[in-house]
Amino acid sequence: MSRAVTVPRPVYVLSLGIFAMVTSEFVVAGLMPQMAEGLGVSVPEIGYLITAYAAAMALGGPFLTVALLRLGQKSALFTLFAVFLAGNVLAATASGYGVMLAARVITGVAAQAFFGIALSLAPQLTPPAVRGRAIGVVMNGLMLGTLLGLPLSTLVGERLGWRAAFWAITLLTGAAALATAAGVPRLGPSEGGGDVRRELAAFRNSRLWLVLSTSALTIGATFAAFSYLNPVLTEVTGFGTGAVAPLLIAYGAATVVGNTVVARLADRYALPVLLCGLALNLAFLTGFALLAHLAVPAVVCMLGIGLAGVTMNPAMIVRVQRTANARPLVNTVHSSFITFGVMIGSSVGGLSVGRFGLRGPLWLGAVLAALGLLTLVPDLVRAQRRRARKTSATPFVSPGTTSAASEVNTTPRPPAVTDPGPAVAACAATGRSVSE
């Protein structure tokens, strides 16, 4: 009996790098008062560090990716680890706000380029049958960064000082770099690597831009709500401040579960998964906006957003890669669109609070989810037309007769043999695959 195809070990190593970088992204949000006091600035100015990090990711990541195209992919990862480590050390030793701002820009640019190259590597290291699951494993680094990285870095910062949190992330990043050195096979440049014109040619596809907009709207809808969960739960639902942390951990656990489920379905059902996910997210966001004053419905809707929101990442990535390609620049630009979604959801959500109260971001999320559904319509129509053409092309065979076509179709065929390729073969050499 043949063994089940599993996700190779190096893919989990890539997830560790993502986890370290996401933890660094979120650390400022958990230590705003301490950092404001330590750097002698206001809390809103510390908030701008979050915006600067996101802007650096969205705008700078693709340019750094282009600069690294000629390198082997493992060499590119190590270059990004080095840049990211330098940024974290600069943050841990920052003597003033300007230095800290520069450190956040450096780490943001490096993190975005790392995401793009890691997401490009995962399909190359993985047999075709489990590529969606492999992307889900890589993206679990993002989910676990929310679930574990944020509370742990906050705990370290509160107990040992905010600089200690950045030093802890530096050590974590170093460990991820060592694991990458030992566990990820050395590959050459990605297909077309170094040919910028070839990389840019993918963006002439107008459908790709629509697909990218789906991702931005999906994540924007989720972060419109996520960014304001704390005040909504305390001031509208009526939970005490001590209950918020466990609720956010439950939300993070829901994202891990949802990401695992979506990853297993993404290869075969990327478009239906996105359709169902956006529809569910629209329902949960609307329900949360209407029922936020009731504890049980509010928690159910919050957990539903966790299950069906940011967890769409594996399906979104598979859809983008099939529309264009799986090379680093496309993946990095896709990550930039996701970051734009985060920025739109959080910033416009903040504006809506002043106009519509704390339910405003929830209604904004519902609107963005509805717009995301609309962007799926062209692909749904295209899929329906393909099915119709396939049905009309099927020959009619009357009872008791056998057509030549049917005779051909019923002829036993030998099982297809899939060449796993040199990347998967190199991956197998790193050790026994780990079942997800």
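A residue counts as buried when its relative accessible area is under 20%. C301, at 9% relative accessibility, is therefore buried. The structure described here is a predicted model. Its chain has 436 residues, of which 51% count as buried, and it contains 18 helices and 0 strands.

**Overall architecture**

**Nonpolar cores**

- The largest nonpolar core has 83 residues, and the members that touch the most other members are L14, I18, F114 and F288.
- Helix α11 gives the most to this core, contributing 13 residues.
- A second, separate core consists of 20 residues, including L49, A91, A92 and M100.
- In soluble globular proteins, nonpolar side chains tend to be buried together.
- Beyond its neighbours within four places in sequence, F288 is in contact with L229, V232, L233, A298, C301, M302, I305 and L362.

**Helix α11 and residue T255**

- Helix α11 covers residues 241–291, and T255 lies in it.
- T255 has a relative accessible area of 3%, which is under the 20% limit, so this residue is buried.
- Apart from neighbours within four places in sequence, T255 is in contact with M143, G306, V310 and T311.

- V257, V261, L265, Y269 and L307 make a nonpolar surface patch of about 410 Å².
- Helix α11 gives the most to this patch as well, with 4 residues.
- Y269, a member of the patch, is placed in helix α11.
- The relative accessible area of Y269 is 37%, so this residue counts as partly exposed.

**Cysteines**

- A disulfide is a covalent bond between the sulfur atoms of two cysteines.
- A search of the whole structure finds 0 disulfides.

How values were computed:
Residues numbered from 1 in each chain as written. Predicted model: local features only at pLDDT ≥ 70, side-chain atom pairs only at ≥ 80, totals over all residues. Heavy atoms only, no water. Disulfide = S-S within 2.5 Å. Buried < 20%, exposed > 50% of the residue type's maximum accessible area, 1.4 Å probe, protein only. Helix = DSSP H or I, 4+ residues; strand = E, 2+ residues; numbered from the N terminus. Contact = heavy atoms within 4.5 Å. Patch = residues over 30% accessible without salt bridge, like charges linked within 9 Å, V, L, I, M, F, W, Y side chains within 5 Å. Areas by Shrake-Rupley, 256 points an atom, 1.4 Å probe, with all protein chains shown as cover. Salt bridge = Lys/Arg side-chain N within 4 Å of Asp/Glu carboxyl O. Core = buried A, V, L, I, M, F, W, Y, C linked by side-chain atoms within 4.5 Å.
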